[in-house]
Amino acid sequence: MNEVPPGFNFLEERTVRPSDSWIRDTSYWVPRHLVESAWLEHAPFAFWLVDAIRPTAIAELGTHNGFSYFVFCETIVRLGLPTRTFALDSWQGDDQAGFYGADVYESVSTINETDYSAFSTLLRGYFDDSLDSIPDGSIDLLHIDGRHGYDDVRHDFEAWRPKLTDRGVVIFHDIAEHQEGFGVWQFWAEVAQQYPSFAFDHGHGLGVLAVGGDIPKRLRAFLEEGLLKESEIKKFYESRGAVIAELYDLRVRAAEVPGLKGELEVAGHQLNEKDRVIALQESDHLGLVDQIRRIHESTSWRLTRPLRFLRDAVRRHRG
């Protein structure tokens, strides 16, 4: 197979394969910190997105137990990016997500201090309290996942919009949630008409908005391809997200069964490394539609074999 050099830019080299605008080896990574989260299924795209736009700074409004934030941070470490990150949260919860104790912040703080303190800052308090701490025009990627009412998300977007650079990208979680009290879907419907955008339906929905005038090249290619291959892109990342969600579920169940921890770590390693190798092989030799079909029908079956093994092992142990 053809090895892809680190940092190789297919767009600049004019050698774009059909899927290079939205699939890369980072799309197959498995998060190191798997914790309970409504964001589990978006980890594969988040890995890809940070790789694609190579942000100088990331700000997240609403971090809770840190899953999405630590996916961003992990990408920075693994790619060796000179990126600064900021996580903003009261770490108290609210009437929508529920209230929680001090142990949540303590857990996030411990992981952050141990793995990401060189570039990551936790800003505890209300989002607006930190507006003066972050210069205007300094953030390339903004993740909005705080309170989910229409007025709340609109306020967060308008208050933090000046903080974005000309390359600025905003992602909104829960755009597919229509339950009472959730208005992100409504605000998304409005703002997505004003800027280049793409919307995922799975995992409660994730909206991607390119608000800057200088859209990063790989993201621009993704958005252009999204107009033509929306269904294929959605199916691919929904499939990859389902693998992450199942792996988390298995880890939870394995924790209840002695002797499965080692097997689970092997499974995670196989998903992390073998997946990307096969993906690059297939994208070299297949067209876009065939690649997606093969990933779903054959590759996913082979690569989720460790998950099926562990699921069966859990059932055997439980008797």
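Modeller: A residue counts as buried under 20% relative accessible area, as exposed over 50%, and as partly exposed in between, with a 1.4 Å probe and protein chains only. The model is predicted: local features need pLDDT of at least 70, side-chain atom pairs count only at pLDDT 80 or more, and totals for chains, interfaces and linings use all residues. Residues are numbered from 1 along each chain as its sequence is written, and side-chain values use heavy atoms, with hydrogens and water left out.

Biologist: Is Val252 buried, exposed or partly exposed?

Modeller: Val252 lies in helix α8, where helices (H or I, at least four residues) and strands (E, at least two) are DSSP runs numbered from the N terminus. The relative accessibility of Val252 is 35%, so this residue counts as partly exposed.

Biologist: How far apart in space are Val252 and Glu36, C-alpha to C-alpha?

Modeller: Val252 belongs to helix α8. In sequence, Val252 and Glu36 are 216 residues apart, but in space their C-alpha atoms are separated by 9.2 Å.

Biologist: What share of the residues in the protein chain is buried?

Modeller: The protein chain has 11 helices and 9 strands. Of its 319 residues, the buried share is 55%.

Biologist: Among contacts with a separation of 6 or more, what share joins residues 24 or more positions apart?

Modeller: A contact means heavy atoms within 4.5 Å. For the protein chain, the share of these contacts that joins residues 24 or more positions apart is 78%.

Biologist: How many aromatic pairs are there?

Modeller: Rings of Phe, Tyr and Trp (its six-membered ring) pair if their centres lie within 6.5 Å; planes under 30 degrees apart count as stacked, over 60 as edge-to-face and the rest as tilted. By this rule, the number of aromatic pairs is 23.

Biologist: Why is the pair of Phe45 and Tyr237 given its class, and what is that class?

Modeller: A pair of aromatic rings is described by the distance of the centres and the angle of the planes. The ring centres of Phe45 and Tyr237 are 5.4 Å apart and the planes stand at 90 degrees, so the class is edge-to-face.

Biologist: How many residues apart in sequence are the parts tied together by Phe45 and Tyr237?

Modeller: Phe45 has 2% relative accessibility and counts as buried; Tyr237, at 1%, also counts as buried. Phe45 lies in helix α2 (residues 43-53) and Tyr237 in helix α8 (residues 230-254), so the separation of the parts in sequence is 192 residues.

Biologist: Which residue forms an aromatic pair with Tyr237 at 4.8 Å centre to centre?

Modeller: This pair is edge-to-face, with 85 degrees between the planes. The cluster linked by ring pairs includes Trp22, Tyr28, Phe45, Trp48 and Tyr237. Tyr237 is buried, and so is its partner, which is Phe236.

Biologist: The charged end of which residue sits over the ring of Trp29?

Modeller: A charge sits over a ring if NZ of Lys or CZ of Arg is within 6 Å of the ring centre and within 35 degrees of the ring normal. Over Tyr105, 4.1 Å from the ring centre, sits the charged end of Arg124. Over Trp29, at 3.8 Å from the ring centre, sits the charged end of Arg78.

Biologist: Are α3 and α4 roughly parallel or roughly antiparallel to each other?

Modeller: Axes are lines fitted to C-alpha atoms, for helices over the stretch in contact, and angles run from 0 to 180 degrees between N-to-C directions. Angles under 35 degrees count as roughly parallel, over 145 as roughly antiparallel, 65 to 115 as roughly perpendicular and the rest as oblique. The axes of α3 (residues 67-79) and α4 (residues 102-116) come within 12 Å and cross at roughly 5 degrees. The two helices are therefore roughly parallel.

Biologist: How are α2 and α7 oriented to each other?

Modeller: Their axes come within 7 Å and cross at roughly 130 degrees. Residues that make the contact include Phe45 and Trp48 of α2 and Phe222 of α7. The orientation of α2 and α7 is therefore oblique.

Biologist: Where is Arg54 found?

Modeller: Most residues other than glycine have a negative phi. Phi of Arg54 is near 45 degrees, a positive value. Arg54 is partly exposed, at 32% relative accessibility, and is found in the loop between α2 and β1 (57-61).
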